[in-house]
Amino acid sequence: MNRRRFLLSLPPSMLAPAAFAAESAPRFPRASPVPGGVAKIRLGAGGPAPRVRLGAERVLVVREGGEWIALVGIALATKPGSTLRVEAERADGGLERYEVAVAPKTYASQHLKVRPGQVELSAEDLARYQRERAHLAKVIRTFSDAAPSTLAMLQPAPGRRSASFGLRRFFNGEARNPHNGMDIAAPVGTAVLAALAGRVIDVGDYFLPGRTIVLDHGAGLLSLYAHLSAIDASLTQNVAAGAPIGSVGATGRVTGPHLHYSVYLNTAAVDPALFLPA
Ligand SMILES: [Zn+2]
């Protein structure tokens, strides 16, 4: 049986009837169907959790306000105005299709003029960067079945949060990858805490992000902490929300000490601010 449903991307207040909001529905992440945001799709109340996919990637499904909700991470590279097609498979094999209209969002641009040659990597560094990028892409594709019990994250270090998620950077007019996380300014040595309970799925010292740790919170929700001076958790270790996992540093390619904090949903880096109290 194929049913087709259409979902308009509306703010959650318009999407949700009053009764829905009045129940003990988690407020996080806030819905924001834009590139780098999260779309919430209501899947109905009945049956066991449907299996949801966006293309080849599994999507996080949670029980919220007495209903199944899919939380779809929207990649920063997604074109505003485009449509994401999401498929939900019921336990009885029934397939439902949903569409998410991606709303526009303009992220700031930063143009930097640098001496030619200053941003070019040596052949050796380039090979290392590419190897590490492939490794991290594989880590980010981790999907473990148990969904997280809560989605409200703790700020992983005290300090001023940048609003630079999505910032489009240009060096001498040439586009670089947009900034895919939040930077938190803090002195070297400040404790970095797990934003949510999870399992350590990667620990490394990489060319660009420096000392880095990645946590799997379940069902495609991951968090990544970079530029650390020290890492205090080991691979496969389970950590509680708020547990110390390392210290703020300035490792990798940085201009000063800070914590780079990224959140991934179905492999898409999404704005960590959507998971944090304002
Ligand atoms: Zn950063």
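These are my notebook entries on what I looked up in this structure.

**Ground rules**

I am working with a predicted model, where local features need pLDDT of at least 70, side-chain atom pairs count only at pLDDT 80 or more, and totals for chains, interfaces and linings use all residues. Residues are numbered from 1 along each chain as its sequence is written, and side-chain values use heavy atoms, with hydrogens and water left out.

I started with His-260. I found His-260 in strand E19, residues 258-265. Helices (H or I, at least four residues) and strands (E, at least two) are DSSP runs, numbered from the N terminus. Is His-260 buried or exposed? His-260 counts as buried, because its relative accessibility is 9%. The cut-offs: buried means under 20% relative accessible area, exposed over 50%, partly exposed in between, with a 1.4 Å probe and protein chains only.

Next I looked for a polar partner. The side chains of His-260 and Asp-183 make a polar contact at 3.3 Å. A polar contact is a pair of N or O atoms within 3.5 Å; within protein, one must be able to donate a hydrogen and the other to accept it, and residues adjacent in sequence count only if both atoms are side-chain atoms.

I then listed contacts, meaning heavy atoms within 4.5 Å. Leaving aside neighbours within four places in sequence, His-260 is in contact with residues including His-179, Asn-180, Tyr-225 and His-227.

Asp-183 lies in strand E12, residues 182-185. With neighbours within four places in sequence left aside, the contacts of Asp-183 include Arg-160, Arg-161, His-258 and His-260. I also checked Asp-183 against Ala-49: they are 134 residues apart in sequence and 35 Å apart in space, C-alpha to C-alpha.

**Entry: aromatic rings**

How many aromatic pairs does the structure hold? I noted two. Rings of Phe, Tyr and Trp (its six-membered ring) pair if their centres lie within 6.5 Å; planes under 30 degrees apart count as stacked, over 60 as edge-to-face and the rest as tilted.

Tyr-107 and Phe-165 form an edge-to-face pair, with 6.0 Å centre to centre and 75° between the planes. This pair links distant parts of the chain, 58 residues apart. Tyr-107 sits in the loop between strand E8 (95-101) and strand E9 (109-112), and Phe-165 in the loop between helix H3 (123-140) and strand E10 (168-171). Tyr-107 is buried at 12% relative accessible area. Phe-165 is buried too, at 6%.

Tyr-225 and Tyr-261 form a tilted pair, 5.3 Å centre to centre and 35° between the planes. Tyr-225 is in strand E16 (residues 221-231) and Tyr-261 in strand E19, so this pair ties together parts 36 residues apart in sequence. Both tyrosines, Tyr-225 and Tyr-261, are buried.

I also found a charge over a ring. The charged end of Arg-63 sits over the ring of Trp-68, 4.7 Å from its centre. The test is NZ of Lys or CZ of Arg within 6 Å of the ring centre and within 35 degrees of the ring normal.

**Entry: Thr-212**

Thr-212 is in strand E15, residues 210-218. Thr-212 is buried, at 0% relative accessibility. A polar atom of the Thr-212 side chain lies 3.4 Å from the backbone oxygen of Pro-209. Apart from neighbours within four places in sequence, Thr-212 is in contact with residues among them Asp-202, Tyr-206, Tyr-225 and Ile-231.

**Entry: positive phi**

Most residues other than glycine have a negative phi. I noted two residues with a positive value. Ala-219 has phi near 55°. Ala-219 lies in the loop between E15 and E16 and is buried at 4%. Asn-266 has phi near 40°. Asn-266 lies in the loop between E19 and E20 and is buried at 5%.

**Entry: Ala-278**

Where is Ala-278? Ala-278 lies in the segment after E20. Ala-278 is exposed, with a relative accessible area of 99%. Not counting residues up to four places away in sequence, Ala-278 touches Arg-30 and Arg-161.
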